[in-house]
Protein chains: 2
Amino acid sequence: MPSEPAPRGSAPPDAVLRRLSGYARLTPEEEALLRQVTARPVLVPARTELVRDGEAAPRPQVLVEGWACRQRLLADGRRQIVVVLLPGDLIGLDLRRRSLPFGSVAALTQAQICEASPLRERAAAHGTAPGHETGLAAALRQAREMEEIWLVNQVVRLGRQTAYERVAHFLLELRERLAAVDRVHDDRFSFPITQEVLADALGLSVVHMNRTMQQLRRDGLIEQRATAITLRDVPALVSIADYAITDRAGAPGA
Amino acid sequence: MPSEPAPRGSAPPDAVLRRLSGYARLTPEEEALLRQVTARPVLVPARTELVRDGEAAPRPQVLVEGWACRQRLLADGRRQIVVVLLPGDLIGLDLRRRSLPFGSVAALTQAQICEASPLRERAAAHGTAPGHETGLAAALRQAREMEEIWLVNQVVRLGRQTAYERVAHFLLELRERLAAVDRVHDDRFSFPITQEVLADALGLSVVHMNRTMQQLRRDGLIEQRATAITLRDVPALVSIADYAITDRAGAPGA
DNA sequence: CGATATGTTGACTTTAGTCAACCAGTGTGG
DNA sequence: CCACACTGGTTGACTAAAGTCAACATATCG
C-alpha cells in the first residue's frame with residue numbers, strides 16, 4: 001500500500017467538505033477539522049483493498065478522489081458490487097460492534113484516501129442531542145441515510161429492472177451523487193470504470209453490459225468519450241428508469 | 001386501521017425483548033420498558049401500510065407478531081420487496097432528517113404492532129457514550145447493523161445468484177433470523193407468505209418461483225405443509241447458497 | 001353454490017449468459 | 001524497431017435461465 005505525497009490535481013478540491021456541508025450547516029471549527037483531515041491524502045492504486053470483509057472495526061476513512069466500491073465475492077468467483085463509492089464518500093464511519101459480512105471495500109481506480117477517525121470522534125462528542133443532531137453529527141447521519149437509499153435503489157434495479165433500465169437508473173444516480181460534489185457539468189462527468197466493473201455492479205455479464213451500453217448510445221441517450229460520459233437526454237433516462245430524485249441539494253443549478 | 005385488543009396467542013411471547021437482549025445486555029429497567037411498550041399490540045390486517053414511502057418522520061414501531069416488508073413500487077406496477085420484516089423487528093427506529101424514498105412498509109400477514117417512541121427516547125438518553133454504547137442503545141445499533149447485512153444479502157442474491165440459489169439463501173436467512181426469536185424448531189418454522197410475495201422479494205416471476213420451489217422439494221431440501229416449512233438439509237442449502245452465517249446468537253443450540 | 005386467492009402446468013417467447021474469436025490501444029523487452 | 005503480451009471493448013453463434021400467457025386445479029369462504 002504505497003503512500004505517495006498528495007498530487008492535488010485541478011479537480012474541484014475537497015469533495016468531502018462539499019458533501020457534508022450539503023447535508024447540514026457545519027461550524028467553522030468543523031470545517032477546519034474536515035480540511036485538516038483531508039489535507040494529506042494517501043494515494044492508493046486501483047484494486048487496493050481498503051476494508052476486509054467481516055473486519056470488526058474498520059478504521060474510518062474518507063474517499064477524497066477516485067472511485068471505490070463495497071463488494072461481496074461468492075465462493076466460485078462471482079462478484080457483486082454492492083454500492084459504488086465516489087469522491088466525498090465515507091468508509092467505515094459507523095463503528096461496528098461485531099464482525100459481520102458487510103462486504104469488502106476496494107478501490108476501483110487509483111484513489112486518494114484519508115484517515116477519518118477525528119470526524120467520528122468529533123461527531124460523537126458534539127451535536128448528538130437526541131432528536132435534533134447538529135453540524136457534523138447531523139451530516140454524518142444524513143450521509144448514512146443516503147447510503148441506505150443507494151442500497152434500496154440497488155435492490156430495486158437488480159430485482160425488477162431490465163439491463164437497459166438498470167444502466168439508465170444507475171447513471172442517473174451517479175449523476176446526482178457526483179453533482180453533489182460539483183463534478184457534473186452539462187450532464188457530463190468522469191466515468192473511469194470498465195464495463196466489467198459495471199457488469200458486476202448491475203448483475204450482468206460483461207457481454208450483455210457491452211450490448212446494453214451500445215444500445216443506449218445508439219438511442220442517443222448517452223455519449224462516451226475517453227473516460228467521460230454525457231447523459232444526452234436526462235428526461236428520457238428518468239422515464240426509462242422510473243428514477244426518483246432523492247437529493248434536492250445536488251440539483252442541476254449547482 | 002382497526003385496533004382490536006391484544007390476542008396474545010400461544011406463540012413465544014415478546015419477540016422484541018428476545019431480539020434485543022440477544023444483541024446487548026439490557027438493564028432491568030430497559031427490559032421493563034420493552035415489556036411495557038409491547039404490552040398492548042395493535043392488530044392490523046395483511047396489506048396495511050405501516051409507513052408511506054418518503055414519509056419524513058415515521059413513528060417508531062415494533063413488529064410483535066406477523067410478517068411485514070419494506071417495498072418499492074415502480075410506476076408500471078412492478079413491485080420489489082426490499083427486506084422482509086419478522087417478529088421482533090423494528091420499523092422506523094432511526095429518526096430521519098429528510099423525506100427520502102426508502103420504500104413503504106406494509107404488513108404481509110395479519111400483524112401485531114406497537115408504538116415504540118419510548119425506545120428511541122430511552123436509547124438517546126442513556127448509554128450513548130461515544131464508542132461504547134450500552135444496553136438498549138447498543139442493541140438498537142446492532143439491530144440496525146443487522147438490517148444492513150440483510151440488505152447486502154439481498155443485493156448479492158438478486159445480482160449474482162440463480163433462482164434456485166436465491167431461494168436457498170433466503171430461506172437460510174429467514175431461519176437464522178427466526179431462530180434469534182426462538183421460532184425455529186428442528187429447522188422448521190412458520191412460513192405464512194404466498195409465492196407471489198416470495199417472487200416479489202426474490203426478483204422472480206410467480207411461475208418461475210413456483211417451479212423453483214417444486215425443484216427444491218423434489219431435491220429433498222425443503223418440505224412445506226400448510227403454512228410451515230422445514231429445511232431438510234441445511235448443510236446442502238448452505239453449500240448451494242454460499243451462505244455466510246451472520247448471527248452467532250441465533251444458532252441451532254437455542 | 002359462485003367468487004376469489006393461491007398453486008400448478010404446458011407451450012412458447014424473451015432476456016441474458018456463454019464461448020470463442022477478433023480488434024485496437026498500450027506497454028515491454030530484445 | 002518490432003514481436004509479444006495484456007487489457008478492454010466488440011461481434012457472432014449458440015445456450016440457458018427466466019418471463020409470459022393461458023388454462024386449469026384446489027381450497028376457502030360467505
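β9(B) and strand β11 of chain B, residues 228–231, pair in the antiparallel sense over 3 bridges. Two strands count as paired if DSSP finds at least two bridges between them. Strands here are DSSP runs of E with at least two residues, helices are runs of H or I with at least four, and both are numbered from the N terminus.

Before going on, the conventions. This is a predicted model, where local features need pLDDT of at least 70 and side-chain atom pairs count only at pLDDT 80 or more, while totals for chains, interfaces and linings use all residues. Residues are numbered from 1 along each chain as its sequence is written, chains are lettered from A and ligands numbered from 1 in the order in which they are written, and side-chain values use heavy atoms, with hydrogens and water left out.

Back to the sheet. B:Ser190 stands opposite B:Ala228 in β11(B). Helix α5 of chain B, residues 163–179, packs on the sheet and touches β9, β10 and β11 of chain B, contact meaning heavy atoms within 4.5 Å. The direction of α5(B) makes about 85° with that of β9(B); axes are lines fitted to C-alpha atoms, for helices over the stretch in contact, and angles run from 0 to 180 degrees between N-to-C directions. Helix α7 of chain B, residues 206–218, lies across β10 and β11 of chain B, at about 115° to β10(B).

The sheet is open, with 3 strands in the order β9-β11-β10 (chain B) and antiparallel pairing. β9(B) and β10(B) stand at the edges with a single partner strand each, so one side of each has no neighbour in the sheet.

Last, the salt bridge, meaning a side-chain nitrogen of Lys or Arg within 4 Å of a carboxyl oxygen of Asp or Glu. A:Glu148 forms one with B:Arg96, the closest N and O atoms being 3.6 Å apart. A:Glu148 lies in helix α4 of chain A and B:Arg96 in the loop between β6 and β7 of chain B, so the pair joins two chains.
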